[in-house]
Amino acid sequence: GDATCFDLCYFRREYEQKKMGDVFALYKKLFDGRNIVFVGPDQPRVGRSFRALVKDGVIKSPSQTEFLSVPERDEFAAYEELLQKILEFRQADAVFIQAGPTAAALAAELAWKYGVRAFDAGAFNVSLDKAAKVHGISF
C-alpha cells in the first residue's frame, strides 16, 4: 500500500462533494475487528504516534493492536531487524509501517515475499487524528 492513499489532501473531490464520511468508513474498515500491528517511531516527526491514537480512542475498532518501535532516524539501518520482528506477528491481519522511505520497501517485501498485508502508512496518523478532531470520528 502506498502512503498517499492515506493522505487527506488527495481526497479534495470527496471533500468538496461532502463524501468524506465514505472515505472515513473505508479507513475504519482497515481496522474493524482485525489484529493490527503498528510499526513506527514513538515520537513521529509529524503528528501523534499510532500508540497515542489507540490510547486516546481515536483508533479503537481493532480486536487487537501491537506496536513495534522504529529508530527515530536512519530507519533503513534497522531494516532486517524490523523485518524479522514484524514476521513474528503471525496473527496480524495488517501491518501499518511508518518509517520514511524504509516503510515502502518493507511493505513491498512483506507483501510480495511473505504474503503479509502491509501498508506504508506515511502520515496516516495525522489524517486519523485530524478526522477525529475536526469530524469527531473514531476508527
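A crossing is left-handed if the near helix is turned anticlockwise from the far one by less than a right angle, and right-handed if clockwise. Keep that in mind for the first stop.

This is a predicted model: local features need pLDDT of at least 70, side-chain atom pairs count only at pLDDT 80 or more, and totals for chains, interfaces and linings use all residues. Residues are numbered from 1 along each chain as its sequence is written, and side-chain values use heavy atoms, without hydrogens and water.

**Stop one: α2 and α6.** Select α2 (20–31) and α6 (124–135). Helices here are DSSP runs (H or I, at least four residues) and strands likewise (E, at least two), numbered from the N terminus. α2 passes α6 in a left-handed crossing. At the contact (heavy atoms within 4.5 Å), α2 brings Phe24, Tyr27, Leu30 and Phe31, while α6 brings Phe124, Ser127, Leu128, Ala131 and His135.

**Stop two: the largest core.** A nonpolar core is a set of buried Ala, Val, Leu, Ile, Met, Phe, Trp, Tyr and Cys residues joined through side-chain atoms within 4.5 Å; buried means under 20% relative accessible area (1.4 Å probe, protein chains only). The largest has 23 residues. Select Tyr27, Phe31, Phe50, Phe96, Phe124, Leu128 and Phe139, which touch the most other members. α2 supplies the largest share, five residues.

**Stop three: the second core.** Now pick Val39, Tyr79, Ile86 and Leu110. They belong to a second, separate core of 18 residues.

**Stop four: α4.** Select residues 79–87. Tyr79, Leu82, Leu83, Ile86 and Leu87 are buried. They pack against β1 (35–40), β2 (64–69), β3 (94–97) and α5 (101–114).

Notes:
Buried means under 20% relative accessible area, exposed over 50%, partly exposed in between (1.4 Å probe, protein chains only).
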